[in-house]
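Please read the following briefing alongside the sequence and the model.

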Amino acid sequence: MTIAIYPGSFDPITNGHLDIALRASRIFDKLIIGIYDRPSEKTLLFSTRERVRLAREAVKDNPKIEVVSYKGLTGDYARKVHAHVMVRGLRMGGDFEKEFTLSMMNRRLYPELEQLCLMSAVEYQFLSSSLLKEAASLGGDIEGLVPSIVARALISKYGNKG
Ligand code: ADP
C-alpha cells in the first residue's frame, strides 16, 4: 500500500489545497492530510482542532483521504505512519524556491522520503490561506475559494463583515 502525506498549516483549508489533495489521492492508496499542530513563524486564525474539523468535513466523501494533526518534524511523522511520499502544491511565483529547499533538507534528513510537487490548478494560482483571510476579514466575497463550511467558519470569526 502506498501512503503519502500532504503536510501544511491549512489555516484554513482552501479549494486550492483540496484540488491538490484530490489529485494526489488518485495516485496513492491513501493520502494523509497532516496538519501542523504548531507551525513555525505563522500566526494562526484557527486552532488545531478547528483546522482538523474543517479539513475532515471538506474531505469526508473521499475514503482515501485521512486528516490528522501532528507535532514535530514532518519527516518523523511520515516515518511513523509509513508514508514514503510527501505531497506539496506549487503555485507560480514564490513556492518553487521554498519547496526546493524544503526538499533538499528533507532528503538529507529522511533519504527514504520522496517529495512530489503538484502544480496548482490555474484557478487557484493566486489563492493562499493568508490572502483568503485578509479578503474575508475585510468583507470580500470568498465564494468558490473555500468549501461552504470554511466560508461559514470565516464569517463567524470575522463577524458580519466576513
Ligand atoms: P505551509 O505552511 O507548509 O506552506 P500551507 O497550508 O500554506 O502550509 O500549504 C500547504 C501546501 O499547499 C504547500 O505546499 C502550499 O504550497 C500548497 N498550497 C497552498 N495553497 C495552494 C493553492 N492555492 N494551490 C496549490 N497548492 C497550494
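At 18% relative accessibility, Asp19 counts as buried, where buried means under 20% relative accessible area, exposed over 50% and partly exposed in between, for a 1.4 Å probe and protein chains only. This is a predicted model, in which local features need pLDDT of at least 70 and side-chain atom pairs count only at pLDDT 80 or more, while totals for chains, interfaces and linings use all residues. Residues are numbered from 1 along each chain as its sequence is written, and side-chain values use heavy atoms, with hydrogens and water left out.

**Salt bridges**

- Side chains of opposite charge can pair when their charged atoms come close.
- A search of the whole structure finds 10 salt bridges, each defined as a side-chain nitrogen of Lys or Arg within 4 Å of a carboxyl oxygen of Asp or Glu.
- Arg23, at 24% relative accessibility, counts as partly exposed, whereas Asp19 is buried.
- Helices (H or I, at least four residues) and strands (E, at least two) are DSSP runs, numbered from the N terminus.
- Lys30 and Glu66 meet through their side chains in a salt bridge of 3.2 Å, N to O, and this pair links distant parts of the chain, as Lys30 belongs to strand 2 (residues 30–36) and Glu66 to strand 3, 36 residues apart.
- Both partners are partly exposed, Lys30 with a relative accessible area of 22% and Glu66 with one of 33%.
- Asp11 forms a salt bridge with Lys133, in which the closest N and O atoms are 2.7 Å apart; Asp11 lies in the loop between strand 1 and helix 1 and Lys133 in helix 5, so the pair ties together parts that are 122 residues apart in sequence.
- Asp11 is buried, with a relative accessible area of 3%, and Lys133 is buried as well, with a value of 13%.

**Pockets**

- A pocket is an open set of points on a 1 Å grid over the protein atoms alone, with protein on both sides within 12 Å along at least five of seven lines, and lining residues have an atom within 4 Å of a point.
- The largest pocket holds about 1100 Å³ of space, a volume being the space filled by probe spheres set on the grid points, which are joined across faces, edges and corners.
- Of the 45 residues that line the largest pocket, Ser9, Tyr36, Lys42, Arg88 and Lys98 are the closest to its centre.
- Elements giving two or more residues to this lining are strand 1 (3–8), helix 1 (15–27), helix 3, strand 4 (85–90), helix 4 and helix 5 (129–137), and the largest share, eight residues, comes from helix 4.
- By class, the lining of the largest pocket has 16 nonpolar, 17 polar and 12 charged residues, where Ala, Val, Leu, Ile, Met, Phe, Trp, Tyr, Cys and Pro count as nonpolar, Asp, Glu, Lys and Arg as charged, and the others, Gly among them, as polar.
- The second largest pocket holds about 200 Å³ of space, and of the 13 residues that line it, Leu18, Ala58, Val59, Lys60 and Asp61 are the closest to its centre.
- Helix 1, helix 2 (48–58) and helix 6 (148–158) each supply at least two residues of the lining of the second largest pocket, with the largest share, three residues, coming from helix 1.
- Seven nonpolar, two polar and four charged residues make up the lining of the second largest pocket.

**Cavity**

- The structure holds one cavity of 30 Å³ or more, a cavity being a set of grid points where a 1.4 Å probe fits but cannot get out.
- About 50 Å³ of space lies in the largest cavity, which is lined by Met86, Ser103, Asn106, Arg107, Leu113, Glu114 and Gln115.
- Helix 4 (95–109) and strand 5 (114–119) each supply at least two residues of this lining, and two nonpolar, three polar and two charged residues are found in it.

**Surface patch**

- Leu73, Met105 and Leu109 form a nonpolar patch on the surface, with about 280 Å² of accessible area together; Leu73 lies in the loop between strand 3 (65–70) and helix 3 (74–80).
- Patches are made of residues with over 30% relative accessible area and no salt bridge, like charges being joined within 9 Å and nonpolar side chains (Val, Leu, Ile, Met, Phe, Trp, Tyr) within 5 Å, and accessible areas come from the Shrake-Rupley method with a 1.4 Å probe, only the protein chains shown counting as cover for residues.
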